[in-house]
Amino acid sequence: MANRTSPTEQRPFTAVIVRHSQLESLQDLSSLLGLGRAKPVSEFAAGEWTVWRWEYLHRRNLYPAGLVGLGERNREGGWAHDLYVAQRVVAGTSFMVLASPYVRLLRQLDEELRVAVANGPALRYLNIDMPRVFESFQSGKSSLTATKVTLEILDELENLELVSLTGSNPLNSKLHAQIKSVAEPYAIRVEYSNGLQRARLSVDRVGNLWWYQTDETKTRLIFLALDELIKMGAANVGLRLPLDLKYKRDQNSAADDSNLEDS
Amino acid sequence: MSKRYLGIWLDAEGNRRVAASSSAVGFLSRSHGQASPLFPAIPGGREFSLPEVGAVLFIVARSPSSLLAKLINDYGDVKVNTYIGHGHAAIVVCQPSLQECEALATALSPEIRGFEIWTISGGLVLTEQSILCEPLPDGSWIQPTPVEFSHLQSEARAQVEQFNSNLALLGRLASMYAPETAELCLAIRESVAFIVERLLELQEGAEEGSVHESIGLEAHLVEVNSILTIYSSQLGSGSLPLGEDLFPVGEYSLLGIGAMCRGAWRIYSHLNQTFSQHDHAGIVQRAYPLLPPFDPYAPRGRVDYSGWNQHAIRVENLDEAPEAEARLHIPYFSSRWGFHESWNAISLSWQCLYAAATKEWNLLTITHEYLHAHIRDIFGVIFDPSAADVSQVLSDYNGKSRGDNALASMRLAYIEAVVMIETMTDLSEVVSGTRQQIPGTIPDRLTEHLLRDLFKRHTELVHEIVVHVLDYWYIFDGRDDVYVNSIWSSWSLVPSVASRVPYYVLRTLASLASTSPPGTNPAMFEDAASRLLACLKSMGSRERERPVVNEAIRLLEDKESRQKLGIQFAASRFVVEITLHFFKDSRLNAALVRDGGMAVIDGHRTYNMQFGDYPGLVIESPVAFLLDRFPGYEDQAGSERVEHESIWQMLQLV
């Protein structure tokens with residue numbers, strides 16, 4: 001397994017989960033994008049997921065303008081954008097995760113894939129049923145630990161919309177009990193540990209996933225955590241690309257998530 | 001041009017002809033002519049036209065938004081020939097042949113309630129090559145039984161007989177096209193059965209005033225029948241087979257407005273369910289008599305409302321399960337009443353059919369009407385000024401007693417509010433020079449006559465202020481710009497507002513003051529007035545002049561008028577504080593806007609939907625959806641885009 005992520009790409013990765021009958025492997029993805037046979041940089045299994053790291057070659061315009069690029073990302077054919085592609089089958093249906101540090105790249109993929117499948121069923125994006133996930137954590141049914149929960153505050157005027165609670169078990173806190181009747185679950189950050197290492201995955205209710213990418217041992221843990229979340233929060237499938245709904249999360253906001261990296 | 005009419009008529013040989021046109025008039029003037037407008041499902045798409053040879057599929061969807069999401073997103077080649085309209089058959093698809101229409105209907109069958117396919121050749125509908133699949137009554141439908149009326153006297157008997165027929169018709173139509181209205185049909189039946197029961201009691205007994213009460217109840221039956229006939233006509237319009245029944249409104253005579261009625265029901269029922277789950281009138285009725293009294297007068301002199309911050313008295317802190325089923329209104333469209341609420345019905349302006357995506361005719365106005373019913377129920381529990389015996393309450397008020405419990409205290413606060421309004425109105429007139437001196441209508445002691453007179457004159461303002469404050473908090477999320485724009489856009493087209501602009505300014509000031517920093521009356525008035533002025537001025541750049549908005553600006557900028565408003569504001573604030581301290585409920589507020597499908601972007605909740613998107617979302621909170629749409633509305637009606645967006649918006653809610 002190619003382990004350590006290139007220093008240029010060590011930053012928060014954003015991901016979406018897409019469903020389409022023509023997307024069952026990295027090769028399917030590459031083929032739909034008109035890129036021929038894909039050569040993954042690495043490939044590994046994480047539970048039921050098959051995960052590929054792929055260098056998506058494109059002009060550098062998807063790369064954040066504020067970051068200075070390193071020469072190591074230059075390839076013949078374009079700038080090498082790291083893209084994790086993962087696939088698994090849930091209840092007979094294939095789902096694919098697309099993860100990248102470049103939100104604009106994911107948008108671009110969405111646009112290209114929509115065109116590629118325009119004459120058939122559209123892409124569907126999966127989001128987690130957040131109230132069910134919260135309930136599962138409150139009833140102690142999970143092997144994950146919820147270390148941060150974000151709630152949408154519904155009775156406040158426009159001054160306040162989202163409130164986050166952090167700690168070892170914020171869902172069982174007094175504060176959460178006090179506000180939950182006027183709040184709606186919005187997002188959660190979970191920790192998954194294999195005894196040696198732990199990884200943190202954040203998910204919101206509109207279908208965005210994000211984590212701080214360091215190495216692929218932890219990436220494996222991320223996908224195991226995702227499996228757990230999908231199990232507890234029977235997923236919904238919608239037509240919207242979650243990124244469009246995402247609170248303007250761009251590379252510029254990366255600093256906000258830098259504390260996600262485990263020391 | 002995106003709006004085109006589908007029209008039909010019979011030719012001299014009795015054949016059904018069909019065509020598309022930019023006007024309905026030509027169709028309607030022909031034999032058995034009918035027409036309805038259609039718009040491309042995708043904005044900017046191809047305008048409606050009929051194939052020379054081909055077929056047209058009319059779909060009655062269980063949920064138009066869900067079916068359109070599938071059709072637009074999963075059938076790439078079909079979407080360009082898909083159109084939307086107002087009727088139950090809100091989705092119309094043109095295809096090259098009958099077989100292709102049939103195949104599409106089969107593929108979408110789980111989402112379809114019924115459909116009709118016309119095969120067309122050279123502008124002729126080939127009846128023998130057309131298909132009709134009428135909706136079946138919903139499996140869970142319970143048809144309301146007729147109300148027994150045989151023992152009633154003649155006038156009431158005739159009305160109930162009419163009612164049973166109307167209900168049977170509505171029930172049949174609703175079971176096929178709008179089964180979600182089942183609870184409405186049953187509730188109307190129960191309401192009339194209750195009236196009949198009371199009429200029989202009055203017939204048999206010899207109660208004093210029984211004739212008077214009977215006449216009132218019979219008038220109630222007349223109103224129910226009147227609304228039911230309108231509602232059946234609107235909800236049943238455009239039923240299959242198309243063209244067989246005529247909806248007697250030229251513009252929509254072929255396809256009707258059934259889908260719009262379903263959308264109106266969705267908005268209304270969401271409001272009704274949310275408010276009834278919190279049953280504030282029931283809480284006040286059951287819990288307040290058991291709670292200790294509070295001081296209803298103290299804030300008046302000291303302008304200090306902190307004494308009312310008693311945790312236990314706020315309705316949001318009193319958990320009471322609803323004991324009775326909520327009263328249901330019939331939500332229908334009316335050009336005569338506009339937005340209006342009565343005991344049996346809530347009407348939406350007819351203009352909403354083509355201009356709901358404007359600030360003038362936005363659908364959020366229905367929330368104001370609904371809140372009137374809510375508030376009237378609460379104050380009905382607190383005090384009925386027409387009650388035969390008001391001696392106890394007069395004695396308590398004149399003796400400045402707190403009363404025996406919280407309900408009695410609230411009753412006294414209600415009286416204090418109307419007395420303050422009277423006093424401040426008089427004072428403002430003296431200060432402004434309209435009167436020479438205080439007329440002295442408020443003596444030291446209230447008399448029964450004066451009490452009734454004050455309530456007659458000022459109850460409306462008290463109720464309006466409470467409704468405005470709750471509307472501003474619950475529905476408009478305390479957003480000054482959206483709130484002021486919504487209500488003043490709506491008022492700007494109501495002729496009667498022009499003669500009472502200060503009254504409407506005062507009501508708006510009261511709601512804005514509910515988010516002003518607590519302080520003295522003048523400080524809060526100045527804060528609210530400056531915010532209102534800024535919002536009104538931002539409306540000044542509209543194409544069409546708004547005299548009432550200009551007049552409101554003038555009043556707020558004129559020193560004397562402002563001073564007068566400031567004095568009247570002191571009494572209004574008393575009512576605002578009653579609302580905030582006792583009747584505002586955070587849980588109800590949360591329930592009204594709760595929708596897991598919304599995202600938070602830049603500090604605002606949003607569905608992030610553009611006009612013409614079909615994301616297949618189930619809109620859980622119509623209130624939140626309409627509020628999210630509002631900032632993007634055009635100022636005024638009249639454009640095709642507005643009509644197009646109004647239909648698209650309503651279909652998202654069904």
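I started with helix H12 of chain B, residues 391-398, where B:Val393, B:Asp396 and B:Tyr397 are the buried residues. I then looked down the axis of H12(B): the buried residues fall within an arc of 95°, so they line one face of the helix. I keep in mind that this is a predicted model.

Next I turned to the other side of the helix. The face of H12(B) turned away from the buried side carries B:Ser391 and B:Ser395, both exposed. I also checked what comes after the helix. B:Lys400 follows H12(B), and its phi is positive, near 50°.

**Domains of chain B**

I looked up the domain division of chain B. Domain 1 covers 4-133 and domain 2 covers 154-239. Domain 3 is made of 257-279, 326-363 and 594-654. Domain 4 is made of 280-325 and 364-593. I note that H12(B), at residues 391-398, falls in the 364-593 segment of domain 4.

I then took the pair of domain 1 and domain 3 of chain B. Their C-alpha centres lie 25 Å apart. I find 17 residues of domain 1 and 16 residues of domain 3 in the contact. Which element gives the most to the domain 1 side? I find that H2(B) does, with 7 residues. By class, I count 9 nonpolar and 8 polar residues on this side of domain 1, and no charged residues.

**Chain B against chain A**

I moved on to the interface between the chains. Here 26 residues of chain B are in contact with 27 residues of chain A. I listed the elements of chain B that give two or more residues to this side: helix H2 (64-74), helix H20 (586-593) and strand E13 (599-601). H20(B) supplies the largest share, 5 residues. I sorted the chain B side by class and got 8 nonpolar, 10 polar and 8 charged residues.

Charged residues are absent from that domain 1 side, whereas the side of chain B that touches chain A has 8.

**Chain A**

I find 7 helices and 13 strands in its secondary structure. Of its 263 residues, 42% are buried. I also looked at contacts in chain A with a separation of 6 or more: residues 24 or more positions apart account for 69% of them.

Note on methods: Residues numbered from 1 in each chain as written. Chains lettered and ligands numbered in written order. Predicted model: local features only at pLDDT ≥ 70, side-chain atom pairs only at ≥ 80, totals over all residues. Contact = placed C-beta atoms within 7 Å. Helix = DSSP H or I, 4+ residues; strand = E, 2+ residues; numbered from the N terminus. Nonpolar A, V, L, I, M, F, W, Y, C, P; charged D, E, K, R; others polar. Buried ≥ 20, exposed ≤ 12 C-beta atoms within 10 Å, placed from the backbone. Arc of directions from axis to C-beta. Domains from an automatic or database assignment.
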